[in-house]
Amino acid sequence: MSKNQNTFIKKQKAELKRRKKKEKKEKMQARKDQPKSGKLEDMIMYVDEFGNFSETPPEPEDPKGKKSNQQTPINHSKQ
(Lines give C-alpha, C1' and ligand atoms only; values in the text may rest on other atoms or scores of the structure.)
Protein backbone atom coordinates (compact mmCIF):
# COMPACT_ATOMS: atom_id res chain seq x y z
CA MET A 1 0.00 0.00 0.00
CA SER A 2 2.91 2.29 0.66
CA LYS A 3 4.11 1.94 -2.93
CA ASN A 4 0.72 2.98 -4.34
CA GLN A 5 0.61 6.01 -2.08
CA ASN A 6 4.12 7.09 -3.11
CA THR A 7 3.32 6.91 -6.81
CA PHE A 8 0.08 8.82 -6.25
CA ILE A 9 1.93 11.59 -4.43
CA LYS A 10 4.59 11.71 -7.16
CA LYS A 11 1.88 12.05 -9.81
CA GLN A 12 0.21 14.85 -7.86
CA LYS A 13 3.51 16.73 -7.51
CA ALA A 14 4.27 16.29 -11.21
CA GLU A 15 0.80 17.54 -12.16
CA LEU A 16 1.16 20.55 -9.85
CA LYS A 17 4.57 21.33 -11.35
CA ARG A 18 3.17 21.13 -14.90
CA ARG A 19 0.25 23.37 -13.97
CA LYS A 20 2.49 26.01 -12.38
CA LYS A 21 4.82 25.95 -15.37
CA LYS A 22 1.86 26.42 -17.74
CA GLU A 23 0.50 29.35 -15.69
CA LYS A 24 3.92 30.97 -15.62
CA LYS A 25 4.21 30.62 -19.39
CA GLU A 26 0.76 32.18 -19.88
CA LYS A 27 1.68 35.13 -17.63
CA MET A 28 4.91 35.69 -19.54
CA GLN A 29 3.04 35.64 -22.84
CA ALA A 30 0.44 38.08 -21.52
CA ARG A 31 3.19 40.50 -20.47
CA LYS A 32 4.86 40.21 -23.88
CA ASP A 33 1.57 40.88 -25.67
CA GLN A 34 0.94 44.15 -23.82
CA PRO A 35 1.93 47.23 -25.82
CA LYS A 36 5.11 48.85 -24.61
CA SER A 37 5.31 52.59 -24.53
CA GLY A 38 8.65 54.07 -23.61
CA LYS A 39 7.56 57.66 -24.10
CA LEU A 40 8.49 60.12 -21.39
CA GLU A 41 5.00 61.62 -21.37
CA ASP A 42 3.53 58.24 -20.42
CA MET A 43 5.90 57.84 -17.48
CA ILE A 44 5.48 61.30 -15.91
CA MET A 45 3.34 61.73 -12.81
CA TYR A 46 2.48 65.09 -11.24
CA VAL A 47 2.05 65.83 -7.54
CA ASP A 48 -0.45 68.47 -6.42
CA GLU A 49 -0.16 70.72 -3.36
CA PHE A 50 -1.83 68.06 -1.19
CA GLY A 51 0.61 65.30 -2.20
CA ASN A 52 -1.82 63.43 -4.47
CA PHE A 53 -0.56 61.90 -7.73
CA SER A 54 -2.23 62.68 -11.05
CA GLU A 55 -1.46 62.21 -14.72
CA THR A 56 -2.53 65.73 -15.70
CA PRO A 57 -0.31 68.73 -15.01
CA PRO A 58 -1.49 71.17 -12.35
CA GLU A 59 -3.09 74.48 -13.26
CA PRO A 60 -0.54 77.29 -13.44
CA GLU A 61 -0.70 79.55 -10.41
CA ASP A 62 -0.03 83.29 -10.22
CA PRO A 63 3.27 84.14 -8.57
CA LYS A 64 2.82 85.22 -4.96
CA GLY A 65 4.44 88.61 -5.47
CA LYS A 66 2.10 89.74 -8.28
CA LYS A 67 -1.46 90.87 -7.76
CA SER A 68 -4.33 89.70 -9.91
CA ASN A 69 -5.67 91.77 -12.82
CA GLN A 70 -8.59 93.07 -10.75
CA GLN A 71 -7.78 96.50 -9.32
CA THR A 72 -9.67 98.22 -6.57
CA PRO A 73 -11.03 101.66 -7.53
CA ILE A 74 -9.43 104.56 -5.67
CA ASN A 75 -11.51 107.65 -4.89
CA HIS A 76 -9.36 110.84 -4.99
CA SER A 77 -12.09 113.38 -4.32
CA LYS A 78 -11.54 116.05 -1.65
CA GLN A 79 -14.03 116.52 1.10
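Student: How much area does the protein expose?
Tutor: This is a predicted model. The protein exposes about 9200 Å², and carbon and sulfur atoms supply 53% of that.

Student: What share of the residues is buried?
Tutor: Buried residues make up 0% of the 79 residues.

Student: Which residues make the nonpolar surface patch?
Tutor: Leu40, Met43 and Ile44 make a nonpolar patch of about 300 Å².

Student: Where does Leu40 lie?
Tutor: Leu40 is in helix α2, which covers residues 40-43.

Student: Is Leu40 buried or exposed, and why?
Tutor: Leu40 counts as exposed because its relative accessibility is 56%, and the cut-off for exposed is over 50%.

Student: Back up a bit. How many helices and strands are there?
Tutor: The protein has two helices and two strands. Starting at the N terminus, the order is α-α-β-β.

Student: Now charges. How many salt bridges does the structure hold?
Tutor: It holds one salt bridge. The side chains of Glu15 and Arg18 form that contact, at 2.8 Å from N to O.

Student: Where do Glu15 and Arg18 lie?
Tutor: Both are in helix α1, residues 2-33. Glu15 and Arg18 sit three residues apart, about one turn of the helix.

Student: And why does Glu15 count as partly exposed?
Tutor: Glu15 has 35% relative accessibility, so it counts as partly exposed. That class lies between the buried cut-off, under 20%, and the exposed one, over 50%.

Methods
Residues numbered from 1 in each chain as written. Predicted model: local features only at pLDDT ≥ 70, side-chain atom pairs only at ≥ 80, totals over all residues. Heavy atoms only, no water. Helix = DSSP H or I, 4+ residues; strand = E, 2+ residues; numbered from the N terminus. Buried < 20%, exposed > 50% of the residue type's maximum accessible area, 1.4 Å probe, protein only. Areas by Shrake-Rupley, 256 points an atom, 1.4 Å probe, with all protein chains shown as cover. Patch = residues over 30% accessible without salt bridge, like charges linked within 9 Å, V, L, I, M, F, W, Y side chains within 5 Å. Salt bridge = Lys/Arg side-chain N within 4 Å of Asp/Glu carboxyl O.
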